[in-house]
Amino acid sequence: MIMRDVTSDGRTPGVAGFLSRRRVLRLAGGGLALAALTAGAVGCDEDAVDVEEPGSAGGDVPGGDGGKEADGDGNGQAPEPLWTKPTSAETYGDNDELVAAGGVVIASGSPLAALDAATGGQKWSLPGGAVPGAPLLIGEDTLYLASSEYDGSVIGYDPASGKETWRSRLGKEYRQPRPIAVDGEQVYVIAEILEDDGSSKTNVIAALNSTTGRVAWKEQRDVGTEQNGIHAAVRGRHLVYTDFKKNLTVRDTSGGGQVWTHKTTKTNYGFFTVHQDLVVVPQGNVLQAFNLTDGKEKWTLEASDGALFREPAVLEDVLYVADSARAMRAVDPRTGKQLWKSEALADAGLQVPRQYVKAGDTLYGATDLDKQGGIIAMDARTGAVRWTFNDKTGDYHAWLVATDGKRVFALHGKKLHALPV
């Protein structure tokens with residue numbers, strides 16, 4: 001469901017290879033020091049509306065000539081937002097810090113506020129908010145959060161109403177359990193193992209029953225692994241995850257036993273994607289697919305001219321991935337066969353997306369930096385750029401994108417926009 005070696009990562013000329021403040025915050029995600037940075041967040045004001053002046057929302061693709069239709073009518077002008085709201089967002093660039101479910105859209109922050117997807121009005125809020133660096137996980141119509149009271153609990157909420165529906169505790173000998181993935185039966189968490197003096201040198205990965213809250217299994221991870229920077233996904237009986245130590249690991253969801261692990265080299269901060277029985281990992285100028293069952297390589301795809309692959313995503317059985325030369329590809333995730341390759345991003349001088357959602361025949365990408373980035377709408381069949389949306393704030397935060405199929409939600413800093421699809 002969800003779904004980091006620092007490399008040159010496809011930023012615009014003059015920025016490539018630069019480790020921005022945005023990236024530094026991402027690398028620190030989930031630590032106690034990071035929590036201190038987020039004190040005093042701005043509260044969510046459901047009545048405030050701050051829609052940009054007509055014509056200022058979009059970044060024109062060369063050749064664009066205006067227009068407000070949701071599909072841009074091929075003219076390169078972004079549609080006007082349906083609504084724009086300030087939020088209490090405290091985000092660090094992880095793709096699971098903005099979710100849409102149950103008729104609401106939620107951005108990680110304190111207080112944690114759920115806005116009506118259609119109107120932007122506040123539906124509910126949680127005063128404690130979300131734990132910095134912990135994801136917002138949606139599974140089986142439940143939103144799973146690490147407890148903001150730091151009491152060792154993991155809590156499930158109804159996303160439509162904000163009411164608590166489930167709660168579990170891993171045990172008092174563990175600190176700061178954070179959910180990392182969820183399937184139809186279990187919630188998977190990472191937590192620090194406490195020493196007698198209150199310090200922690202190791203961590204544990206565990207599965208909590210999503211009905212009873214009981215601990216299904218727990219396994220201590222190797223010394224030297226970290227509980228921060230975890231990206232995880234579940235497919236069938238396999239839990240796959242990465243961490244800051246450049247480990248790609250697969251465990252059996254039924255008992256927690258390790259199936260296999262690989263050391264990776266250049267994994268773009270640990271991002272990967274899964275499809276059926278494969279996990280696809282960007283490693284420098286090569287995209288590799290491994291079997292979840294045994295870790296054997298299934299296929300590879302190499303970028304030309306030494307370009308580095310960025311974050312991949314599988315949407316509706318198609319793998320989408322861009323590279324640092326700003327070439328966009330659609331790939332059959334089963335075979336690695338390239339379906340199409342587009343130079344439209346480079347031709348338009350646009351940033352490379354690092355997160356994707358799809359609605360209809362349009363692929364929406366969210367970029368890292370603001371000036372030449374934002375939300376890029378592309379034809380999912382060809383990669384042609386339809387329009388770009390940028391709120392012109394210059395905020396250093398990464399853009400995040402989510403969709404409920406009816407609208408596309410774009411979060412930038414503390415502004416949340418709803419765009420028509």
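This is a predicted model: local features need pLDDT of at least 70, side-chain atom pairs count only at pLDDT 80 or more; totals for chains, interfaces and linings use all residues.

Biologist: Now the rings. How many aromatic pairs does a search of the whole structure find?

Modeller: Seven aromatic pairs turn up. One of them is W83 with F409.

Biologist: Why is the pair of W83 and F409 called tilted?

Modeller: Planes under 30 degrees apart count as stacked and over 60 as edge-to-face, with the rest tilted. The planes of W83 and F409 stand at 40°, so the pair is tilted. Their centres are 6.2 Å apart, and the limit for a pair is 6.5 Å.

Biologist: What makes you say that this pair ties together parts of the chain?

Modeller: W83 lies in strand β3 (residues 83-86) and F409 in strand β33 (residues 407-412), so the pair ties together parts that are 326 residues apart in sequence.

Biologist: Are W83 and F409 buried or exposed?

Modeller: Buried means under 20% relative accessible area. W83 has 4%, so it counts as buried, and F409 is buried with 0%.

Biologist: Which tilted pair do Y320 and W340 form, in distance and angle?

Modeller: The ring centres of Y320 and W340 are 6.4 Å apart, with 50° between the planes. Y320 lies in strand β25 (residues 318-322) and W340 in strand β27 (residues 338-342), so this pair ties together parts 20 residues apart in sequence. Y320, at 2% relative accessibility, counts as buried, and so does W340 at 13%.

Biologist: Which residues touch the most other members of the largest nonpolar core?

Modeller: That core has 19 residues, and Y320, M328, L345, Y356, L363, M378 and V385 touch the most other members. At least two of its residues come from each of β24 (313-315), β25, β26, α3 (344-348) and β30 (375-379).

Biologist: And what is L363 in contact with, leaving aside its neighbours within four places in sequence?

Modeller: The contacts of L363 include L315, Y320, M328, Y356 and M378. There is also a second, separate core of 15 residues, with V99, I106, L145 and Y157 among them.

Terms used. Residues are numbered from 1 along each chain as its sequence is written. Side-chain values use heavy atoms; hydrogens and water are left out. Rings of Phe, Tyr and Trp (its six-membered ring) pair if their centres lie within 6.5 Å; planes under 30 degrees apart count as stacked, over 60 as edge-to-face and the rest as tilted. Helices (H or I, at least four residues) and strands (E, at least two) are DSSP runs, numbered from the N terminus. Buried means under 20% relative accessible area, exposed over 50%, partly exposed in between (1.4 Å probe, protein chains only). A nonpolar core is a set of buried Ala, Val, Leu, Ile, Met, Phe, Trp, Tyr and Cys residues joined through side-chain atoms within 4.5 Å. Contact means heavy atoms within 4.5 Å.
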